[in-house]
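Please examine the structure shown below.

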Amino acid sequence: MRPKVFLWAYRVKKFGSFSSFAAYSLHVPVSLNKMEEKKSINMNEFSQDLTWLADYCPEYSISSKNIKILKEPSEFFEKLKELSKNASKRITLASLYIGTGHLERELVASINEGLEKSRGNLEVKILLDYTRGSRGSENSRTLLLPLLKNYPSQIEISLYHTPKLRGFIKWFLPERWNETIGLSHLKVYLFDNTLILSGANLSDQYFYNRQDRYIVFYDCKELCDYFDHVVKTISSMSFLLMPNNTVILHPEWNVHPSDGNFKEFVSMARQSLQKVICSAKKKHVQQEFGESNMSTEKTDTLVYPLLQMYTFGIRQDELVTEKFLRFAEPNSCIKLASGYFNLTNHYMNIILNSSKALFSLLVASPKVNGFYGAKGVSGAIPSAYTHIAKTFFSKVLKYRQQNRIKLQEYERPSWTFHVKGLWYYKPNASLPSATFIGSPNFGYRSVYKDLEAQVAIVTESKELQMQLHDEQQSFYDRTTVIGKELFDRPDRKVPFWVKLVTFFIRDFF
């Protein structure tokens with residue numbers, strides 16, 4: 001990776017002059033998306049160590065020695081407990097929900113131990129989704145109430161409620177189905193200056209037999225501060241949980257998500273989030289120019305946080321993913337995984353018709369789908385994903401792209417599959433130089449409905465590249481390549497009613 005001074009020289013060159021680049025970098029735009037949508041790159045720019053990513057989001061330099069990839073759910077669980085017990089200043093957790101089993105209680109006990117040891121110095125912030133965290137009589141809220149009662153001045157539990165769930169829709173939709181309107185799907189696990197990013201929720205299956213991805217960033221204060229600020233901002237527009245299990249609107253927010261004015265809520269949310277993003281980018285510029293520009297210190301790894309909150313006009317992840325897929329170098333390889341394979345039509349069209357990269361798409365077999373064996377309509381969801389995969393595969397054959405695009409199906413007895421993200425291999429490279437990891441599934445919900453966050457990691461460290469390659473290989477070693485004969489098998493036959501329903505509700509899962 002080039003020294004920092006060369007990174008800046010490259011970016012100044014793109015803007016034509018130092019003054020124009022500085023004006024762009026230090027200015028807080030009225031609308032990030034209007035600015036971002038005007039940006040364009042070509043394949044030559046794409047190959048410039050992917051530094052164009054900094055045009056869309058903050059950039060953080062991290063030594064690869066401070067990055068570790070965990071492979072198994074049990075490692076993830078033990079690391080969460082370890083960091084919870086030893087945190088001294090802050091714990092910030094954002095997840096869809098926290099389960100109510102004995103493993104989740106072990107995690108809460110670890111947080112309690114950390115609070116006891118800190119003697120009042122540890123602050124805990126937990127952000128969950130309102131609908132998912134309130135499901136059933138025993139739920140995330142009831143699990144966390146003892147913490148809230150014992151440490152009322154040190155812990156804040158926030159429940160995000162999408163502003164889209166309102167009026168007749170909120171009244172009409174039953175529990176579980178109301179979650180299809182929109183969620184906080186963030187997965188951020190932060191302890192002092194250590195950050196774990198994953199696609200996993202805080203629930204027992206994710207701790208022992210649901211395969212996901214987990215990357216730990218040690219000693220990365222600036223990156224932790226950024227995600228802490230993001231979670232704090234989402235929390236400020238959410239409900240606060242009270243010790244008696246009631247909720248109140250956060251005192252810093254004055255527009256109710258479901259009863260208040262929708263446009264006003266969205267406008268305020270957009271401004272708050274844009275302020276976080278622009279402040280981080282501005283701070284980065286100031287810090288870079290505050291250092292010696294003649295420094296010869298090299299950075300081997302760059303991390304780019306990507307938010308996707310379409311309802312609020314925040315579209316970093318969508319725009320970056322689109323350009324990544326579209327402009328990847330010819331004969332480079334993108335290995336893309338989704339626990340719930342339901343790519344947006346836009347992403348599908350880019351992969352099929354625009355991209356020159358080789359693709360290996362990793363999907364779940366019906367038996368490792370999280371909904372396999374579920375009761376009622378939910379039990380048909382694996383068949384719906386089979387239908388979606390078959391439809392996409394038919395297009396691959398129709399456009400004669402089967403030599404460039406392959407689908408591979410993950411299988412592991414007694415396990416479920418929740419892996420998401422991508423690994424990028426440059427042409428003729430045996431190791432990946434970049435990866436995306438976080439909460440998005442690259443589907444309609446991730447792009448247009450839910451609150452999502454992931455990071456792009458770009459590295460020249462051979463050690464980290466090997467970690468990423470081994471991680472990817474551990475998933476793909478358990479796969480079979482999908483061929484036409486697979487969908488002809490009797491056990492893969494999709495009932496007509498599932499095909500029909502999938503056509504109408506595909507955008508809801």
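How many cavities of 30 Å³ or more does a search of the whole structure find? The search finds six. A cavity here is a set of points, on a 1 Å grid over the protein atoms alone, where a 1.4 Å probe fits but cannot get out. The model is predicted, and local features need pLDDT of at least 70, side-chain atom pairs pLDDT 80 or more, while totals for chains, interfaces and linings use all residues. Residues are numbered from 1 along each chain as its sequence is written, and side-chain values use heavy atoms, without hydrogens and water.

The second largest cavity holds about 120 Å³ of space. It is lined by 16 residues (those with an atom within 4 Å of a point), and V363, A364, Y385, T386 and A389 are the closest to its centre. Helix α15 (381-398) and strand β15 (358-364) each give two or more residues to this lining, with the largest share, four residues, coming from α15.

F77 and F207 form a stacked pair because their ring centres are 4.5 Å apart and their planes meet at 25° (stacked means under 30 degrees). This pair joins helix α5 (residues 73-86), which contains F77, to helix α10 (residues 205-208), which contains F207, across 130 residues of the chain. F77 is buried at 5% relative accessibility (the cut-off is under 20%, with a 1.4 Å probe and protein chains only), and F207 is buried at 2%. Ring pairs also link F76, F77, Y189, F207 and Y214 into a cluster.

Notes. Rings of Phe, Tyr and Trp (its six-membered ring) pair if their centres lie within 6.5 Å; planes under 30 degrees apart count as stacked, over 60 as edge-to-face and the rest as tilted. Buried means under 20% relative accessible area, exposed over 50%, partly exposed in between (1.4 Å probe, protein chains only). On a 1 Å grid over the protein atoms alone, a cavity is a set of points where a 1.4 Å probe fits but cannot get out, and a pocket is an open set with protein on both sides within 12 Å along at least five of seven lines; lining residues have an atom within 4 Å of a point. Grid points are joined across faces, edges and corners, and a volume is the space filled by probe spheres set on the points.
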